Amino acid sequence: MATKNEKLRIPPTLMEIDHILGVFSAKGGVGKSVMSVNLAKSLVSKGFKVGLVDGDIYGPSHPVLLNATDMQLNVTDQELLDPLEKNGLKFNSMGFISSEKMPVIWRGPMVSGAIMQLIAQTNWGKLDYLIIDTPPGTGDVQLTLLQKIALTGAIVVTTPQDISLADTKKGIEMLKKLDLPILGLIENMSFFKPNDSDKKYYLYGKEGGKKLAKEYKLDLLGEVPQFEFNNSNLTNENEIISKISNKIVEKIVSKVNLLPSKNKNEIPQINT
Ligand SMILES: Nc1ncnc2c1ncn2[C@@H]1O[C@H](COP(=O)(O)OP(=O)(O)OP(=O)(O)O)[C@@H](O)[C@H]1O
Ligand SMILES: [Mg+2]
């Protein structure tokens, strides 16, 4: 495994980015993508310059979540991609690349090459935050990413029932081993509350996130209810989600500001 200081190089595209945050989970389908999109939108609403990378190469979900299925990245033979932009948020995803342009993206070594291209070969310009929605799984792709990009910190998304799985703990252990500050946990699908009642139904068990946070001395940044809606209604147009994610973002920003200057001012670097 390459150490953080080995062969570090700063790609020009990441030079003007203050903080890169990775959204991780130990299990698929817990809401990483939904939360990544919401956090990015909340950061924009607070006046930050924000970029968002969809790390899911095989099953990108951001075009739908961003309500931008009609947009396409302009892929040329040049080295760098220009991100798309909507409502002040810059973003990219394999889902915005037409099938005939795919070979250009696949010239790197398989999946991690494509992810690195979305992250480091994109003209982000000056950003306060770049949010990386990591791909499903906790295997090699995540590890490659963690070894190649010096992230400011990680946000872990879990669901209540996850705590019973050794996987979540394994994921946290992996982040810890790599010396990456974990800014906190988000518990998604915490409970279901019908619109016409104040009663909360804990479909997947109660306070799993709280217990996990306590065990690992992590902050529980927020508990997001389970909704009945489809994907496009799960983002910030949904008032409840928007409120929760604004609160989560406030916590994240203050935590980032409290990080030792080693992390705070570290220019995101890439390991080659
Ligand atoms: N709070 C919620 N209420 C209802 N449905 C949700 C909620 N959060 C996420 N979902 C739904 O659960 C599914 C998985 O969410 P999402 O794609 O964000 O998870 P993920 O962790 O990114 O998955 P993957 O590991 O495949 O990348 C999606 O269909 C999404 O719409
Ligand atoms: Mg996802």
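Predicted model: local features only at pLDDT ≥ 70, side-chain atom pairs only at ≥ 80, totals over all residues.
Q: Which residue of β9 stands opposite L185?
A: L220 does. Strands are DSSP runs of E with at least two residues, helices are H or I runs of at least four, both numbered from the N terminus, and a pair takes at least two DSSP bridges.

Q: What about β7 and β8, parallel or antiparallel?
A: Parallel, with 5 bridges joining β7 and β8. In that pairing, T158 stands opposite E187 of β8.

Q: How many strands are in the whole sheet, and in what order?
A: There are 8, and the sheet is open, with mixed pairing. Reading across, you go β4, β5, β3, β6, β2, β7, β8 and then β9.

Q: Why do β4 and β9 each have one side without a neighbour?
A: They stand at the edges of the sheet, so each has a single partner strand. β4 covers residues 84-86, while β9 covers 220-226.

Q: Back to β4 then. Which way does it run against β5?
A: β4 and β5 run antiparallel, joined by 3 bridges, with β5 spanning residues 89-92.

Q: Which strands does helix α1 touch?
A: α1, residues 32-45, packs on the sheet and touches β2, β3, β5, β6, β7, β8 and β9. Touching means contact, heavy atoms within 4.5 Å.

Q: How much of β8 is buried?
A: β8 is mostly covered, with 10 of its 11 residues buried. Buried is under 20% relative accessible area, with over 50% exposed and partly exposed in between, using a 1.4 Å probe on protein chains only.

Q: New topic: V256. Where does it sit, and is it buried or exposed?
A: V256 is in helix α8. Its relative accessibility is 0%, so V256 counts as buried.

Q: Anything to know about the numbering and cut-offs?
A: Residues count from 1 along each chain as its sequence is written, and chains are lettered from A and ligands numbered from 1 in the order written. Local features need pLDDT of at least 70 and side-chain atom pairs 80 or more, totals for chains, interfaces and linings use all residues, and side-chain values use heavy atoms, without hydrogens and water.

Terms used. Axes fitted to C-alpha atoms, helices over the stretch in contact; angles between N-to-C directions.
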